[in-house]
Amino acid sequence: MRSKFYKFFSPKTAAIPENISLQDMETLLLKAEVAKIPTWHHCIDLGCGVITPGGGKTSSPETELKIGLPESLAGMTVLDVGAWDGFYSFAAERRGAKRVLATDSFVWRSPDIGKAGFELARTVLESQVEDMEIDVLELSPEKVGVFDVVLLLGVLYHMRHPLLALDRVFSVTGKLLILETHVDMLDCSRPAAAFYCGAELNNDPTNWFGPNPLAVKGMLESSGFRDIKLVNTAQVSGTCARMVFHAWR
Ligand SMILES: C[S@@+](CC[C@H](N)C(=O)[O-])C[C@H]1O[C@@H](n2cnc3c(N)ncnc32)[C@H](O)[C@@H]1O
């Protein structure tokens, strides 16, 4: 029988010991392919006991629970904005979504990181998730279509123009937006956002704003979303935390 990992075999692959079972050989080949990817963000279970070594520590099913991903997405279309390695795209597909589009720009276009992790996971999982390299600010019904569920996870605080980004996201949301984001200014009782001029948030100069929950709600409403609910709070530290909001069109 030809293994589905046969395509990964090359004479350059680490030497294969003699008398090895097909299953062990698959695991060796898969581990070698995973190790070729310089940076993994997500921990994705690829089978054969191989889990990608994601720095983002994303795991199933707790992470999916935390964002309140509907248990069944049967018959729905899902857009994953800023998908990186695609953990949430594959989770949506596993939950029955009829079409999933994973989009990203910054990481996928980076020469140091790229898209190889997403592509390897998609191949190994035999996934039908589609992909498109597109910036959040370029999203429109004409370019990507309109999706029942849109995931905007860990992306909002990377936006220099967060309101514009939410306007673009609203334009492609058919029903539900699931927004996960860093928040700040929790000690402020008015809608407010911290502005990170440099790399003061996590030593990352691509982080721009930390809105508080009132600001997140106001920003979502100003883009057109309704029925906004805070569904999860995690990693509370000082005036900061991570929060998940659900917002309906
Ligand atoms: C912190 S990671 C979050 C990855 C994933 N959504 C998650 O929650 O685990 C931020 C992602 O947003 C993407 N991103 C940042 N700026 C972007 C932009 N302007 N347009 C599209 N994607 C962007 C990055 O490339 C990266 O994949």
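Reply: Two strands are said to pair if DSSP finds at least two bridges between them. The model is a predicted one, in which local features need a pLDDT of at least 70 and side-chain atom pairs count only at pLDDT 80 or more, while totals for chains, interfaces and linings use all residues. Residues are numbered from 1 along each chain as its sequence is written.

The strands (E, DSSP runs of at least two residues, numbered from the N terminus) include seven that form an open sheet with mixed pairing, in the order E3-E2-E1-E4-E5-E9-E8. At its edges lie strand E3 (130-133) and strand E8 (226-237), each of which pairs on one side only. On average, neighbouring strands of this sheet are turned by 15 degrees against each other, with direction ignored; the axes used for this are lines fitted to C-alpha atoms, and angles as such run from 0 to 180 degrees between N-to-C directions.

Some of the pairs can be followed one by one. Strand E1 (residues 77-81) and strand E2 (residues 99-104) are parallel and share five bridges, and Leu 79 has Leu 101 in E2 as its bridge partner. E4 and E5 also run parallel, joined by six bridges, with Val 149 standing opposite Leu 176 in E5. The pairing of strand E5 (residues 173-183) with strand E9 (residues 240-248), in contrast, is antiparallel over eight bridges, and there Ile 178 has His 246 in E9 as its partner. Two residues lie between the strands in the hairpin of E8 and E9, where Gly 238 takes a positive phi near 60 degrees.

E5 is mostly covered, since nine of its 11 residues are buried (20 or more other C-beta atoms within 10 Å of a residue's own, with C-beta atoms placed from the backbone). Leaving aside residues up to four places away in sequence, Val 150 touches Leu 79, Val 81, Val 169, Val 172, Thr 173 and Leu 177, where contact means C-beta atoms, placed from the backbone, within 7 Å.

Terms used. Contact = placed C-beta atoms within 7 Å. Helix = DSSP H or I, 4+ residues; strand = E, 2+ residues; numbered from the N terminus. Buried ≥ 20, exposed ≤ 12 C-beta atoms within 10 Å, placed from the backbone.
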